[in-house]
Amino acid sequence: VGPDDSVWSAVERMRKGNKTSVLVVEGPTPVGIFTERDLFSKIDFSHPVELSREPVRRFMTMTIISIPAEATHFEAITLMKTHGFRHLPVTENGVIIGILSLRNLLYFYTGALEVLLDESLESLSSAIGKKDPYTAGHQGRVAVIASAIAVEMGFTPFQVKGIHMAALVHDI
């Protein structure tokens, strides 16, 4: 969006793209970033505000600090923490190729932690089964049955997954 475009047009662009921020450019030059945080922290909704008339320039974050595409997640998180930013433009050869948000990083690491937890529970269950051949496979069968019951009872997928994980280690 341009700095003189309306706040409403920026919000519409974010909504249509399912994004939490937009880059504000003047010609080819980035001049700021407009985020959900800017919208909710800088606009006083207790007074009538005509968002279709207010320019983005009034509410955007002016400082732009970017991060190169080859940077690590740790470098991005450190930069965000140091400057209090939730979004960073990602550059390649001096050109902005995207925006990295703290939300993206959290989703990435949450997913990685879920996979690690799943693999750890499966390994633990397998080790228990190998130690006690009499009950080998018992935890897995209990997990399948308990999950099926939870689905039939209308539990959410998150709850079903929790029941499945608990059933895998229920004999410990």
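1. A salt bridge is here a side-chain nitrogen of Lys or Arg within 4 Å of a carboxyl oxygen of Asp or Glu. The structure under discussion is a predicted model.

2. Glu36 and Arg103 form a salt bridge through their side chains, with an N to O distance of 3.5 Å. This pair connects distant parts of the chain, the two residues being 67 residues apart. Glu36 belongs to helix H2 (residues 36-42), whereas Arg103 belongs to helix H4 (residues 102-131). Glu36 is partly exposed, at a relative accessible area of 29%. Arg103 is likewise classed as partly exposed, with 42% relative accessibility.

3. Glu12 is joined to Arg15 by a salt bridge in which the closest N and O atoms are 2.9 Å apart. Both residues are located in helix H1 (residues 7-17). Their separation of three residues corresponds to about one turn of the helix. Arg15 has a relative accessible area of 54% and is therefore exposed, since the cut-off for that class is over 50%.

4. Glu54 pairs with Arg58 in a further salt bridge, and the closest N and O atoms lie 2.4 Å apart. The two partners fall into separate accessibility classes. Glu54, at 19% relative accessibility, counts as buried, because buried means under 20%. Arg58 counts as exposed, with a relative accessibility of 56%.

How values were computed. Residues numbered from 1 in each chain as written. Predicted model: local features only at pLDDT ≥ 70, side-chain atom pairs only at ≥ 80, totals over all residues. Heavy atoms only, no water. Helix = DSSP H or I, 4+ residues; strand = E, 2+ residues; numbered from the N terminus. Buried < 20%, exposed > 50% of the residue type's maximum accessible area, 1.4 Å probe, protein only.
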